[in-house]
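Trainee: I am new to this structure and would like to go through it step by step. May I put some questions to you?

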Amino acid sequence: MSRRPVIAGNWKMHNLQQEAADLTNGIMQELRAEDKAALPEVVIAPTFTALYAANKALKDCGCGKVRLAAQNCYFETKGAFTGECSVEMLKDAGCEYIIIGHSERREYFGETDEMVNKKAVKILAEGLVPIICCGESLEQREAGVTDYHIASQITKALRGISAADVAKSIIAYEPIWAIGTGKTCDSVEANRVISMIRNVVKGLYDANTADAIRILYGGSVKPATIKEQMAQSDIDGALVGGASLTADSFAQIVKGAM
Ligand code: PGA
């Protein structure tokens, strides 16, 4: 099965509204000459306060080449949950994807596997696509428990989700030691872990579901690394942090995945 590549930019806690609009317009400008059908699925994930500005820029352009994601959500629909944002609210703001379980959310904001699962269930119920992050720390890698840890994160994240919904979902394998460090995981090793994740999905579901799910690599992806990453059998794209903050480098990564 051929899986459509995905390049997603995780802007993290960067960009005021005008900056978000400028970056969005800059990316679309860089991609203007590209045939939409030949492009990977291109996704940008601004922070909550910049979603409106980015969505407006996308709608004003109307080229349909770039889609919107949120970096987090809450799994309840509405109510007394001060400071949280529901999936419905994010859908209303134009989001089609939501990143969940990012290692920074797990580390600094106490996001657990159970919360990741509840969020994934809710996102899929609303017809959006979860980008489910997983990854091991340096200590876990050195202790030789990478595969066990990742398999556990994925098994828990997908609990109770149907094969059809899993097939529509996206997983991002992001070794924590490679995030924001400039130290990219070796492509062959990233591909090995991603194949292992695909095997976990096959074990939980079936071969068709494992073939359909897109699994991205994340962690210091740069224009210089993307071609080798995309040349691997199981890497279906990238979740990009730092290099998604300028239109030029993000567009180079998008083009490198074509
Ligand atoms: P990075 O971040 O590309 O800056 O390493 C990736 C991520 O955290 O999603």
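Trainee: How far apart are the mean positions of the positive and negative charges of the chain?
Mentor: The model is a predicted one. The chain carries 28 positive and 32 negative charges.

Trainee: What radius of gyration does the chain have, and why does it agree with a compact globule?
Mentor: A compact globule with 258 residues would have a value near 18 Å. The C-alpha atoms fill a box of roughly 45 × 45 × 35 Å along the principal axes. The chain agrees with the globule value because its own radius of gyration is 17 Å.

Trainee: What percentage of the residues in the chain is buried?
Mentor: A residue counts as buried under 20% relative accessible area. Of the 258 residues in the chain, the buried share is 54%.

Trainee: Which elements do the buried residues of α2 pack against?
Mentor: Helix α2 covers residues 51–61, and its buried residues include Leu-51, Ala-54 and Leu-58. The helix is followed by Gly-62, which has a positive phi near 70 degrees. The packing partners of the buried residues are α1 (17–30), β2 (41–45), β3 (66–70) and α3.

Trainee: Is Glu-96 buried, partly exposed or exposed?
Mentor: Glu-96 lies in the loop between α3 (87–92) and β4 (97–100). Its relative accessible area is 36%. Buried requires under 20% and exposed over 50%, so Glu-96 is partly exposed.

Trainee: Which residues does Glu-96 touch, not counting those up to four places away in sequence?
Mentor: The C-alpha atom of Glu-96 is 9.4 Å from that of Ile-123, a residue 27 places apart along the chain. Contact is a separate matter, as it means heavy atoms within 4.5 Å. With residues up to four places away left out, Glu-96 touches Arg-67, Leu-68, Leu-128 and Val-129.

Trainee: How many aromatic pairs are there?
Mentor: Rings pair if their centres lie within 6.5 Å. By this rule, the number of aromatic pairs is 4.

Trainee: Which arrangement do the rings of Tyr-108 and Phe-109 have?
Mentor: Tyr-108 and Phe-109 are both exposed. Their ring centres are 6.3 Å apart and their planes are at 90 degrees. Planes over 60 degrees apart count as edge-to-face, so the arrangement of Tyr-108 and Phe-109 is edge-to-face.

How values were computed. Residues are numbered from 1 along each chain as its sequence is written. This is a predicted model: local features need pLDDT of at least 70, side-chain atom pairs count only at pLDDT 80 or more; totals for chains, interfaces and linings use all residues. Side-chain values use heavy atoms; hydrogens and water are left out. The radius of gyration is taken over C-alpha atoms; the globule rule is 2.2 Å times the number of residues to the power 0.38. Buried means under 20% relative accessible area, exposed over 50%, partly exposed in between (1.4 Å probe, protein chains only). Lys and Arg count as positive and Asp and Glu as negative; His and the chain ends are not counted. The place of a charge is taken as NZ of Lys, CZ of Arg, CG of Asp or CD of Glu. Helices (H or I, at least four residues) and strands (E, at least two) are DSSP runs, numbered from the N terminus. Rings of Phe, Tyr and Trp (its six-membered ring) pair if their centres lie within 6.5 Å; planes under 30 degrees apart count as stacked, over 60 as edge-to-face and the rest as tilted.
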